[in-house]
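Open your viewer and get the selection tool ready. This tour goes from stop to stop, saying what to select and what is there.

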Amino acid sequence: MRRTALPKSFFTPKIVILSIVILVVLVFPVGNSLFNLWHNKSELRRLSRKRDKLDVQYEQLLAEKKLLEAQDPAYMEQLARLRYHMAKPGEIEYRFIPHD
């Protein structure tokens, strides 16, 4: 079987440009859809991580609320010492600066 070469006039600049335009018109919507899909998946992952962090924070706040409602004396003392830097009469509070 003999191969016949295409005539040199087949690859004219008009045909090449037309082929590129057709290719771009056909591929652009698919590429845009793929980009949107990738963007949506990455946004979903980001929001899922944020939701997980907020769920943990919510559970911690619920636990703290229960302790505050119960007015647990040990917890109230710990809260006053750590958050508000309070000390009992006669105690001296020492503050240490951590090394980085």
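Start by selecting Glu69, which is exposed, with a relative accessible area of 56%. Here buried means under 20% relative accessible area, exposed over 50%, and partly exposed in between, using a 1.4 Å probe and protein chains only. You are looking at a predicted model, where local features need pLDDT of at least 70 and side-chain atom pairs count only at pLDDT 80 or more, while totals for chains, interfaces and linings use all residues. Residues are numbered from 1 along each chain as its sequence is written, and side-chain values use heavy atoms, leaving out hydrogens and water.

The side chains of Lys65 and Glu69 meet in a salt bridge at 3.7 Å, N to O; the term means a side-chain nitrogen of Lys or Arg within 4 Å of a carboxyl oxygen of Asp or Glu. The two sit four residues apart in helix α1, so about one helical turn separates them. Helices here are DSSP runs (H or I, at least four residues), numbered from the N terminus. Lys65 is partly exposed, at 47% relative accessibility.

Next, pick Glu77, Arg81, Lys88 and Glu91: salt bridges that share partners join them into one network. How many salt bridges does a search of the whole structure find? The search finds eight.

For another of these contacts, select Arg83 and Glu64, whose closest N and O atoms are 3.0 Å apart in a salt bridge. Arg83 belongs to helix α2 and Glu64 to helix α1, so this pair ties together parts that are 19 residues apart in sequence. Is Glu64 buried or exposed? Glu64 is buried, with a relative accessible area of 18%, whereas Arg83 is partly exposed at 46%.

Then move to Arg51 and Asp52, which form a salt bridge with the closest N and O atoms 3.5 Å apart. Both partners are partly exposed: Asp52 has a relative accessible area of 42%, and Arg51 is at 48%.

Now colour helix α2, residues 73–84. Highlight Tyr75, Leu79 and Ala80, the buried residues of α2. Looking down the axis, you will find them within an arc of 135°, so they line one face of the helix; the arc is that of the directions from the helix axis to the C-beta atoms. The face turned away from that buried side carries the exposed residues Pro73, Ala74 and Leu82. Just after α2, click His85, which takes a positive phi of about 55°.

The model has one aromatic pair, counted when ring centres of Phe, Tyr or Trp (its six-membered ring) lie within 6.5 Å; planes under 30 degrees apart are stacked, over 60 edge-to-face and the rest tilted. Select Phe35 and Trp38: their centres are 6.0 Å apart and their planes at 35°, so the pair is tilted. Phe35 is partly exposed at 46%, while Trp38 is exposed at 52%.

For the last stop, show the surface of Leu18, Ile22, Leu23, Leu26 and Val27, which make a nonpolar patch of about 490 Å². Patches use residues with over 30% relative accessible area and no salt bridge, joining like charges within 9 Å and nonpolar side chains (Val, Leu, Ile, Met, Phe, Trp, Tyr) within 5 Å. Areas come from the Shrake-Rupley method with a 1.4 Å probe; for residues, only the protein chains shown count as cover. Val27 lies in helix α1, residues 13–70, and is partly exposed at 46% relative accessibility.

Definitions and conventions:
Expected span 1.5 Å × (residues − 1).
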